[in-house]
Amino acid sequence: MAKQRFLTGITTTGTPHLGNYVGAIRPSIQAISGDSEPFYFLADYHGIIKCHEPERIARSTLEIAATWLACGLGPAKAHFYRQSDVAEIMELTWILNCLCTKGLMNRAHAYKAAVADNQAKGQEDLDHGISMGLFSYPVLMSADILMFNAHKVPVGKDQVQHIEMARDIAQRFNSTFAEVFTLPEAVVSEDTELLQGLDGRKMSKSYNNTIPLFEPEKKLRKLIMKIKTNSQAPGEPKDTESSTLYHMYKAFASPEEVADIEARYAAGIAWGEMKQILFERINDEIAPMRSEYNKLMARPEYIEAVLKAGADRIRPISRALLADVRQAVGIRSLG
Ligand code: TRP
């Protein structure tokens with residue numbers, strides 16, 4: 001049997017933080033095994049949908065690439081490439097646009113949220129400021145997935161609808177023209193986005209409560225010292241479930257270490273001490289990757305070459321698929 005293809009994209013608009021590491025980067029890299037063929041890519045054309053700051057897009061692309069490479073995603077492990085280096089994805093996007101109904105896109109969460117936002121602001125035109133890129137963003141995502149006939153797409157819950165739309169579009173193509181596309185399935189991992197941020201809410205760029213993954217050691221410690229706790233004094237027994245420090249620790253520690261910390265909570269560990277323990281635990285895990293990251297960030301030309309080579313390696317797949325698609329829709333050589 002052919003290997004199962006796993007494919008996922010990372011939008012290039014931010015700096016990777018600890019929540020991304022715990023929720024996406026670490027589990028993805030751990031999940032790579034011999035019986036699957038993984039595809040990871042930097043979704044820079046998704047990046048420009050909402051972010052119109054070129055420096056930020058470029059910087060984020062570099063940071064995300066360096067992060068994934070530093071965390072162990074080498075070309076030996078996975079296909080790793082940049083969306084914009086695979087021009088066939090754009091061509092496929094147009095063809096899929098011609099099959100995708102507007103009604104399907106009207107139901108997309110991101111679009112509906114933008115409309116709701118306009119409504120809440122009392123905008124007369126509910127489509128005010130909504131670009132075609134935002135509106136048809138699930139079509140681009142479908143092209144990413146269908147281009148490589150991915151079987152499984154690991155994503156957060158918020159993306160499941162988009163995978164269903166990709167299936168829908170693939171099905172419509174297959175029944176209208178020819179059986180070209182594999183129908184993809186979403187794989188939702190339970191623990192994505194589980195990490196809490198500095199204020200105890202989910203760690204997220206939009207809450208401004210993140211801890212960047214590769215902050216220098218001193219800064220990392222400083223941020224951890226800022227994590228919100230209650231005002232219980234040292235010596236008072238403390239609750240674990242309501243403690244952000246505890247949940248963060250759990251995301252990094254072994255079951256034995258967690259059991260030990262639970263005992264120390266019961267015995268009244270001081271918050272300051274717990275913060276120091278948490279800092280050390282996180283730092284132990286990420287320090288080797290941080291040093292790799294810093295080396296990579298100093299060599300953008302090397303990262304560029306890795307991404308280019310990644311795209312070159314898969315281009316035969318995208319070329320072949322696009323040739324089948326063009327043939328199927330009637331865009332053909334005339335003789
Ligand atoms: N839209 C996804 C997100 O915001 C990123 C993404 C782009 C993606 N293309 C993809 C994920 C294809 C999975 C498959 O998280």
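First, the basis. This is a predicted model, in which local features need pLDDT of at least 70 and side-chain atom pairs count only at pLDDT 80 or more, while totals for chains, interfaces and linings use all residues. Residues are numbered from 1 along each chain as its sequence is written, and side-chain values use heavy atoms, with hydrogens and water left out.

Let us start with the ligand. Its shell holds 14 residues, the closest being Gly9, His46, Tyr137, Asp144 and Gln159; a residue is near the ligand if one of its heavy atoms lies within 4 Å of it. By class, the shell has eight nonpolar residues, five polar and one charged; here Ala, Val, Leu, Ile, Met, Phe, Trp, Tyr, Cys and Pro count as nonpolar, Asp, Glu, Lys and Arg as charged, and the others, Gly among them, as polar. At least two shell residues come from each of β1 (4-11), β2 (36-43), α8 (137-147) and β4 (152-155). Helices (H or I, at least four residues) and strands (E, at least two) are DSSP runs, numbered from the N terminus.

Which side chains place an N or O atom beside a nitrogen atom of the ligand? A polar side-chain atom of Asp144 is 2.7 Å from a ligand nitrogen, and for Tyr137 the distance from a side-chain N or O atom to a ligand nitrogen is 3.2 Å. Thr11 has a side-chain N or O atom 3.4 Å from an oxygen atom of the ligand.

Tyr137 and Asp144 also belong to the buried residues of α8. In this helix, 11 of the 11 residues are buried, that is, under 20% relative accessible area, with exposed meaning over 50% and partly exposed in between (1.4 Å probe, protein chains only). After α8 comes Asn149, with a positive phi near 45 degrees.

I turn now to the cores. The largest nonpolar core has 55 residues, and Tyr21, Trp68, Phe80 and Ile211 have the most contacts inside it. Such a core is a set of buried Ala, Val, Leu, Ile, Met, Phe, Trp, Tyr and Cys residues joined through side-chain atoms within 4.5 Å. The helix α13 gives the most to this core, namely 11 residues.

Finally, Ala76 sits in the loop between α3 and β3 (79-82). Is Ala76 buried or exposed? Ala76 is exposed, at a relative accessible area of 82%.

Key. A polar contact is a pair of N or O atoms within 3.5 Å; within protein, one must be able to donate a hydrogen and the other to accept it, and residues adjacent in sequence count only if both atoms are side-chain atoms.
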